[in-house]
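This briefing covers one protein chain, from a side-chain pairing to the overall fold. Please look at the structure before reading on.

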Amino acid sequence: MTLPPLATAFDARQTASLSDDRIAAKATRDEDRLRGAAEGFEALFLNQILQSGRAASFGDSLTESSATQTAQSLLDSTLTEVGAGRSGLGLSEAIYRQFSAHLGGAQE
């Protein structure tokens, strides 16, 4: 049984539309992954700055202990994760713009 030409053309357009939708979905996922990686790098950078600042102390404190250091490390990690992308530093946006050219047609 052969299909009428109109039905065949419709199916081809529908298939092309599905393919375009998949390409757009992949591009969006790639952009989201790149933006997440850029913000992760900015968080890592900010964390290193905070750790370096804490290491440059003026001497031993009365409250200095391994528990205090662990708490400060956890606080630094949380601050940098929350602050990445919101800090106004612009590092994550610069990284995203630099590498978004390599995503193919998916650029802002």
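The side chains of serine 92 and glutamate 42 make a polar contact at 2.9 Å; a polar contact is a pair of N or O atoms within 3.5 Å, in which, within protein, one must be able to donate a hydrogen and the other to accept it, and residues adjacent in sequence count only if both atoms are side-chain atoms. The model is predicted: local features need pLDDT of at least 70, side-chain atom pairs count only at pLDDT 80 or more, and totals for chains, interfaces and linings use all residues. Residues are numbered from 1 along each chain as its sequence is written, and side-chain values use heavy atoms, with hydrogens and water left out.

**Serine 92**
- Serine 92 sits in helix α3, residues 91–100 (helices are DSSP runs of H or I with at least four residues, strands runs of E with at least two, numbered from the N terminus).
- Serine 92 has a relative accessible area of 9%, so it is buried (under 20%; exposed is over 50%, partly exposed in between; 1.4 Å probe, protein chains only).

**Aspartate 76**
- Aspartate 76 belongs to helix α2, residues 66–83.
- Its relative accessibility is 3%, and aspartate 76 therefore counts as buried.
- Apart from neighbours within four places in sequence, aspartate 76 is in contact (heavy atoms within 4.5 Å) with Asn47, Leu50 and Arg54.

**Whole chain**
- The chain has three helices and zero strands, in the order α-α-α.
- Of its 108 residues, 16% are buried.
- Among contacts with a separation of 6 or more, 84% join residues 24 or more positions apart.
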